[in-house]
Each structure stands twice: as structure tokens, then as C-alpha cells.
Amino acid sequence: MQASIELDRRADVQYLLRIADTGLILAQRLGEWCGHAPALEEDIAMTNMALDLVGQARALLTRAGQIEGRAHDEDQLAFLRDERDYFNATLVELPRGDFAFSVLRNAMVATLLKLLWEKLESSSDAEVAAIAAKAIKEARYHQQHAADWVVRLGDGTDESRSRMEAALAQLWRYVPELFAADAIDEEARASGLGPAWSELREAWFAEMGSVLEEATLAMPAESAFMSTGKRGVHSEHMGYILAEMQHLQRAYPGGVW
Amino acid sequence: MSALHMPIVDEARVAHAWQVLDTVLDPEVPALSVCDLGIVREVLPRAQGLEIVLTPTYSGCPATEVIERSVLEAIDAAGLGPARVTLRRAPAWTTDWISAEGKRKLRDYGIAPPGAAALPGAAVPIRLVRRQAAAPVACPHCGSAHTERLSAFGSTACKSLYRCLDCREPFEHFKPL
């Protein structure tokens, strides 16, 4: 079996991996909808968005590997890290749930990523800025699509509304983690690599608030629970999704097609 | 290639390369060449051979790698090798770089061409009323603006699905980006 790589957990690498992994793991979850979405159009939408997210993650993983300086390429970083070396926000690793759960999560993550890419366009790292200038256009489209669905289901039938309310109650517990300040963020902010996620908090709540209002859904109170995926300490679901993502590279080292 | 082949000056080589590139088709929208699509940014004569600078369309577009290969094969086949392809992300590709000729070819192929993309840096508010569409998309078959969107996403990352409410034909729209 292929052994794990030894990651240099320096702050700038962790900062980029938080964004890359949030996209990578959400893409894996969106891929689970392939062949299962309630309509063909949405099947295509979920997988199209997954493709964009994988593309963004590949570019960021490549850049993180260059900065790390241990000759790790995008594939090694995607497939050969141990669980504690993934730094995605916890909410993207939660099982895909029903369609309401998935589109609400998409809206939350697309809003976050859109705000991040906007700031990253002026990153001190030219490559990161270039990746952001491309990704921002994709994130806007994802956000629009997901927000449409949140409104349609929230302000929909009794059934769709109750599904959306359940999704909201479950997902909102993972919001505090997104904007918790820490040393990794502080270092990125100080060096100009990118914003502290805490700086995006106000804009994120304003945009999500307008979507929920249009969907006639009440924004839940902020949870006291603090998840910790961004620090590498994940929920019980992470091991399973990594097993699925990694088994091929682990069992057949360097396999390509 | 003949061993007696005369060395040609860089300028002619570059011009020839552009002509060859104009025959390399996008594998997913084979009505367009990579030049029509606006992804060939530069062709540079380097000491080691030609350098062809491409700007990818979508971050995850699976056609990018195929295009790189097709470009090198076409350049080789024309006897212009060795060449290499480099990717340049900045400035980001926009559908505004699709040539007028490219937009015409798209329409003839049955794909509604993109309108003007939002200006870089411009704030793009979320539209929360579904039917409040942006500019109408004209049907590539009958020209009617009386059309509706069926799906925001389509068979490839760059397209969405529409149908014409007059001639009743479904069609794809190249999304402005």
C-alpha cells in the first residue's frame, strides 16, 4: 500500500489547503448526486459544479505544493494525505443528505468561496490571484443557482419547506467554525496571501440573510458548538469519504488512466 | 520533411503556426477553433522551439488537456515542431474573447453565442427572482427572442440549456463568463 506523504504544516500551506480541501471534499460529495438527483438538469448541475470545484482545488493544491517545497504534486496532495492533514471546513464533509440539505450547503459554501475569491484576487501571491480571478466567475454562478433553489424550496410546498428547515437547523451548527479567528488566518492576512476568514463574516451573513429572507426561512440562532475541520480535526464522516477518494491511489500506487 | 528544407524566419514560422492553430478544434464545441475561442494568447519563437501560450476556459474544463495535446500534434504535423504549450491564467479568459467569426460559427452550429460578460471587478448581485432574467437569448434556429432557460448547466461547463417558445426547438447557450 502507498504510504502517506509527510506534509509540512507551515501556515501558508495550511491556509491554501483550507480553501483547496473545502472545494475538493464538497466536489466529492456533489459527485455522489451523479445519477441520483431529482431531475436530469440538477444531476448535471451538481456534477458541473463539482467539476469547477475540482479544477479550482487542483490549481490551489499545485500552488500549495510549490510553496511547501517538498515536490508534492496535486495528486499526492489530493490522495496521499492522512485525515489530520486535510483542512476543509467541517460542513462539506457531512453526508450529502437530501436535495434540500445539498442545495443549502451549496449556497453556504458558494457564498463563502465567492467572498474569499474576491479578496484573493488581490493576493500577494500572483498565482493565487490568477486562480481567484478565474474561480470568482464560477463561484458567482454556483451561488446564484444554489440561492434559487433555497428560495424555491423554502418558499415552496409544506414538504419542501420542512426539508429546508431541517437542513438549516443541521447545517447552521457548522457556521461558527467558518469565521473563527486563528493564527493561520492571521499570518495569511499579515503577509497579504489572503483575508482572514473572520473578515468575511459580516458580508456572508448579509448575503445568506437576504437569501433566507426571500425563502421565508428564519435564520437560526448562532450555535455554541465549534467544529474543527479547518484545524485538521474532523467529524466521524471524514474517514469514510477519504477511504472512497483514496483507495485507488493507496492500493495501486501511481495508477493513472 | 526534406533535409534540404530551408530555415524559415521566425516571423513566418509564427504566422504559419497561427494558421495551423486555426484548424485545431475545441473537442467539446467542434464548430470553433482554439483561435475562435480566444484561448491562444501568444505564439512565441524561442531558441528551443515555439512556445504556445494558452489561457484555460473553466478551472475544471476536461478539454484543456486534450486541447494541449491536439495543439502540439498539429504543430508537429505541420513541421513546425518542436513546440511546447504553457498555460497562463491571468488575465482570466472571458467569453468576450470569442471572435465575431467564432460567435457566427456558434450560431450556425446551433449554439446561441454569449452576450457581453460582466466587467471584471463589477459587483454582481444575487438575483432572487427567478424569472427576472438578464438579456434575452435569441434562438439560433429562428432568431426569436421568445425563449426560456431549461437548465442553468448543460452538457459541458460552458453551456446552459434553452428552448425556443416560437419554433419549439431546444438549443444550447454559451454562457457569458
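**Exercise 1. Chain A as a whole**

Among contacts in chain A between residues at least 6 apart in sequence, what percentage join residues at least 24 apart? Characterise the fold of chain A as well.

*Solution.* The model is predicted: local features need pLDDT of at least 70, side-chain atom pairs count only at pLDDT 80 or more, and totals for chains, interfaces and linings use all residues. Residues are numbered from 1 along each chain as its sequence is written, while chains are lettered from A and ligands numbered from 1 in the order in which they are written.

Step 1. Two residues are in contact if their C-beta atoms, placed from the backbone, lie within 7 Å. For the stated set of contacts in chain A, the share joining residues at least 24 apart is 75%.

Step 2. Helices (H or I, at least four residues) and strands (E, at least two) are DSSP runs, numbered from the N terminus. Chain A has 10 helices and 0 strands.

Step 3. The radius of gyration, taken over C-alpha atoms, is compared with the globule rule, 2.2 Å times the number of residues to the power 0.38. Chain A has a value of 18 Å, close to the 18 Å that the rule gives for 257 residues, so chain A is as compact as a globular protein of that length. Its C-alpha trace spans about 55 × 40 × 35 Å along the principal axes.

**Exercise 2. Helix H1 and the segment before it**

*Solution.* Step 1. The expected span of a helix is 1.5 Å times one less than its number of residues. H1(A), residues 11–31, has 21 residues and reaches 30 Å from its first C-alpha to its last, close to the expected 30 Å.

Step 1. A residue is buried if 20 or more other C-beta atoms, placed from the backbone, lie within 10 Å of its own, exposed if 12 or fewer, and partly exposed in between. Because 17 of its 21 residues are buried, H1(A) is largely enclosed by the rest of the structure. In chain A, buried residues make up 50% of the 257 residues.

Step 2. Arg10(A) lies in the segment before H1. Arg10(A) has 14 other C-beta atoms within 10 Å and is therefore partly exposed. Its C-alpha atom is separated by 9.6 Å from that of Ile67(A), 57 residues away along the chain.

**Exercise 3. Strands of chain B**

Trace the strand pairing in chain B.

*Solution.* Step 1. Two strands pair if DSSP finds at least two bridges between them. E1 (40–46) and E2 (49–54) of chain B pair in the antiparallel sense over 6 bridges. They form a hairpin with 2 residues between them, and Val43(B) stands opposite Ile52(B) in E2(B).

Step 1. An open sheet of 4 strands in chain B has the order E4-E7-E6-E5, with mixed pairing. Its edge strands are E4 (111–112) and E5 (147–151), each pairing on one side only.

Step 2. E6 (159–164) and E7 (170–174) of chain B pair in the antiparallel sense over 5 bridges. The bridge partner of Arg163(B) in E7(B) is Pro170(B).
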